[in-house]
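We'll take a walk through the fold, strand by strand.

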Amino acid sequence: MNIRRHIFVAFALMESMVCVAARPSGDQSEPGFTVSGEAALTAPGSGAAAKDASKIVVWLSPVNAVRPVFASVERPRYRLVQHNKRFEPGLLVVPVGSVVDFPNLDPWFHNVFSLYRGKRFDLGLYQAGSQRSVRFDRIGPSYLFCNIHPEMTGVVLAIDSDLFAITDKSGHYAIAAVAQGKYVMHVWYENATPESLQALQRLVTVQGENQILPAISVKAIRQAPAEHKNKYGQDYDPDTVKTDY
């Protein structure tokens with residue numbers, strides 16, 4: 001009786017194992033498609049099309065959590081260098097929760113800070129060859145400055161998706177690895193009002209490869225001269241700015 005019972009259990013286990021092995025793996029995600037689009041930039045004042053339509057950010061946020069992004073998920077690190085008294089790149093887009101490294105590749109000190117919008121931080125004074133890092137866990141643009149060199153400005157834009165692209169000078173962009181489904185298309189441009197960018201949001205459906213997203217026309221506003229205070233809310237010291245470091 002015990003032998004027959006053991007044989008029955010053994011066959012039951014073998015059948016269960018075969019059924020599990022026959023199921024498709026849930027880890028094999030669809031590679032997705034590449035979708036593209038065109039963006040135009042309207043110059044302030046004249047209303048004419050600007051010759052340079054670069055640095056417009058377009059991203060797709062999944063509807064019904066097709067590809068959710070959480071701030072707690074560990075993500076690849078990004079890199080924004082300080083070189084020749086510049087932030088390179090001047091515009092960096094990252095999924096929210098990403099860590100950005102700020103290496104100092106100049107032969108002098110830098111002090112990167114962001115105190116106005118987005119992620120607020122102050123990396124303090126650090127020397128050539130060293131590096132400090134920030135986790136951008138707040139959605140939106142963080143405007144970067146250096147407390148020593150007022151000409152250094154940049155932006156880190158944290159978004160709720162990992163499906164994004166930045167336009168080239170002609171306004172063209174392409175987003176890779178987009179799975180089929182419904183998405184909200186978002187647009188961001190530094191020199192545009194939040195209201196105008198909000199009006200550009202669209203609900204789009206991705207159904208196949210080589211899909212063209214709706215055309216975008218971003219209206220730029222007239223910007224004031226790029227003057228800002230240091231991290232203490234004071235004007236930069238003219239004598240310090242003139243020194244070669």
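**A strand in the middle of things**

Start with S15, which is mostly covered: 6 of its 8 residues are buried, where buried means under 20% relative accessible area, exposed means over 50% and partly exposed is in between, using a 1.4 Å probe and protein chains only. Strands here are DSSP runs of E with at least two residues, helices are runs of H or I with at least four, and both are numbered from the N terminus.

Before going on, a word on what you're looking at: this is a predicted model, so local features need pLDDT of at least 70 and side-chain atom pairs count only at pLDDT 80 or more, while totals for chains, interfaces and linings use all residues. Residues are numbered from 1 along each chain as its sequence is written, and side-chain values use heavy atoms, with hydrogens and water left out.

Which strands does S15 pair with? One is strand S2 (residues 57-62), which runs antiparallel to S15 over 6 bridges; two strands count as paired if DSSP finds at least two bridges between them. Look for Ser61 and you'll find its bridge partner in S15, Val184. Another is strand S16 (residues 202-206), joined to S15 by 5 bridges, again antiparallel. There, Met185 stands opposite Arg202 of S16. In general, strands of a sheet pair through backbone hydrogen bonds, either parallel or antiparallel.

On a 1 Å grid over the protein atoms alone, a pocket is an open set of points with protein on both sides within 12 Å along at least five of seven lines, whereas a cavity is a set where a 1.4 Å probe fits but cannot get out; lining residues have an atom within 4 Å of a point. Of the 20 lining residues, Pro141, Val187, Trp188, Pro194 and Leu197 lie nearest the centre.

Now hop over to an open sheet of 3 strands, ordered S3-S7-S10 with mixed pairing. Strand S3 (78-79) and strand S10 (131-136) are its edges, each pairing on one side only. Strand S7 (residues 98-103) runs antiparallel to S10 over 6 bridges, and Val99 has Arg135 of S10 as its bridge partner.

Asn84 has a phi near 55 degrees, a positive value in a residue other than glycine, and sits in the loop between strand S4 (81-83) and S5. Lys85, in the loop between S4 and S5, also has a positive phi, near 55 degrees. Is Lys85 buried or exposed? Lys85 is buried, with a relative accessible area of 19%. Further on, the peptide bond from Glu88 to Pro89 is cis, with omega near 0 degrees.

Finally, how far does the confidence go? The mean pLDDT (the predictor's confidence in each residue, from 0 to 100) is 84, but pLDDT stays under 50 over residues 1-28.

Methods. Contact means heavy atoms within 4.5 Å.
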